[in-house]
Amino acid sequence: MFGTTDSWVLWNLTGGLEGGVHATDVTNASRTKFMDLETLQWDDDILAAFGEPKSMLPEIRSSSEVYGIASGHCRPSTKVRRRIPTAPVPS
């Protein structure tokens, strides 16, 4: 797995190895220089030039949606008592 700082935080908040969401928004994805600004998807040619497999990158999603629900798995001692929606933090 590879991605942006926000995708790592999101993945951990939503469960990590136990089903965490691996996603990022377009503003953070564009900062990597791996995203095609016209299609808003990972650019296959650029990824190939760097030897980066697309399967390791987070899904690029809209900046205005809920990505998942915080699960409390990021700290086993923490018990999340209610469902807390998680959304992106655009840069």
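Start with the aromatic rings: how many aromatic pairs does a search of the whole structure find? One. (Rings of Phe, Tyr and Trp, the last by its six-membered ring, pair if their centres lie within 6.5 Å.) Select F34 and F50: their ring centres are 5.4 Å apart and their planes sit at 55 degrees, so this pair is tilted. (Planes under 30 degrees apart count as stacked, over 60 as edge-to-face, and the rest as tilted.)

Now colour by secondary structure, where helices (H or I, at least four residues) and strands (E, at least two) are DSSP runs numbered from the N terminus. F34 is in the loop between α2 (26-31) and β2 (35-36), while F50 belongs to helix α3 (residues 44-50), so the pair ties together parts 16 residues apart in sequence.

Buried or exposed, what is F34? It is buried, because its relative accessible area is 10%. F50 is exposed, at 62%. (Buried means under 20% relative accessible area, exposed over 50%, partly exposed in between, with a 1.4 Å probe and protein chains only.)

A quick note on what you're looking at. This is a predicted model, where local features need pLDDT of at least 70 and side-chain atom pairs count only at pLDDT 80 or more, while totals for chains, interfaces and linings use all residues. Residues are numbered from 1 along each chain as its sequence is written, and side-chain values use heavy atoms, leaving out hydrogens and water.

Next, select R61 and Y67. R61 lies over the face of Y67, 4.6 Å from the ring centre. (That takes NZ of Lys or CZ of Arg within 6 Å of the ring centre and within 35 degrees of the ring normal.)

Hop over to helix α1 (residues 5-13), which is where you'll find W8. W8 is exposed, with a relative accessible area of 56%. (Contact means heavy atoms within 4.5 Å.) Just after α1, click G15, which takes a positive phi of about 125 degrees.

Then find S55, in the loop between α3 and β4 (59-61). Draw a distance from its C-alpha to that of F2: the two are 53 residues apart along the chain, yet 9.1 Å separates the atoms.

Finally, zoom out. You have three helices and six strands, running α-β-α-β-β-α-β-β-β from the N terminus.
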